[in-house]
Amino acid sequence: MLVSSVRRAIDASDATALRHAAHALKGSVANFAAPRPFEAARRLERMGIDEDLSGAMVALQELEEALNVFQTDARKEASR
C-alpha cells in the first residue's frame, strides 16, 4: 500500500505526496530493522523534500528490490 502511494506520487510528479509516502514507508521498515529498504525510502523522501524527482523511478526500483529481498529473508527466517 505504501509503495503504491510512492509510485502514484512519482507518476503524478507530486513531490509533497512523495515526501509523505516515503516518510511513512521509511518509518514502517525501520520497525523491522531493514536497512536497505530504509535507506531507499529515505532517498525517496529526500527527493520529495528537495522537489527533485529526476531519479525517483530508479530509486523506486531499488526500493522494490530491497523490499523483495527483505521479504524473502523474513520468510526464510520465519520458516526456521
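**Rings, charges and the chain around them**

A: Let's start with F70, which counts as partly exposed at 25% relative accessibility; the scale here calls a residue buried under 20% relative accessible area, exposed over 50% and partly exposed in between, with a 1.4 Å probe and protein chains only. Before going further, keep in mind that this is a predicted model: local features need pLDDT of at least 70, side-chain atom pairs count only at pLDDT 80 or more, and totals for chains, interfaces and linings use all residues. Residues are numbered from 1 along each chain as its sequence is written, and side-chain values use heavy atoms, with hydrogens and water left out.

Now the rings. Searching the whole structure turns up 1 aromatic pair. The partners are F32 and F70, in a tilted arrangement with 6.1 Å from centre to centre and 55° between the planes. To put cut-offs on that, rings of Phe, Tyr and Trp (its six-membered ring) pair if their centres lie within 6.5 Å, and planes under 30 degrees apart are stacked, over 60 edge-to-face, the rest tilted. This pair links distant parts of the chain: F32 sits in the loop between α2 (15–30) and α3, F70 sits in helix α4, and 38 residues separate them. Helices (H or I, at least four residues) and strands (E, at least two) are DSSP runs, numbered from the N terminus. As for F32, its relative accessible area is 57%, so it is exposed.

On to the charged groups. The whole structure has 6 salt bridges, each one a side-chain nitrogen of Lys or Arg within 4 Å of a carboxyl oxygen of Asp or Glu. One of them joins R43 to E62, with the closest N and O atoms 2.5 Å apart.

R42 pairs with E39, with closest N and O atoms 2.7 Å apart; both belong to helix α3 (residues 35–50) and sit 3 residues apart, about one turn of the helix. R42 is partly exposed at 37%, and E39 is partly exposed with 37% as well. R46 and D50 make a further bridge, where the closest N and O atoms are 3.2 Å apart. They lie 4 residues apart in helix α3, so about one helical turn separates them. R46 is partly exposed at 42%, and D50 is partly exposed at 44%.

Zooming out, the chain has 4 helices and 0 strands. With a radius of gyration of 13 Å, close to the 12 Å from the globule rule for 80 residues, the chain is as compact as a globular protein of that length; the radius is taken over C-alpha atoms, and the rule is 2.2 Å times the number of residues to the power 0.38. Its C-alpha trace spans about 45 × 20 × 20 Å along the principal axes. Buried residues make up 30% of the 80 residues. Finally, among contacts (heavy atoms within 4.5 Å) with a separation of 6 or more, 51% come from residues 24 or more positions apart.
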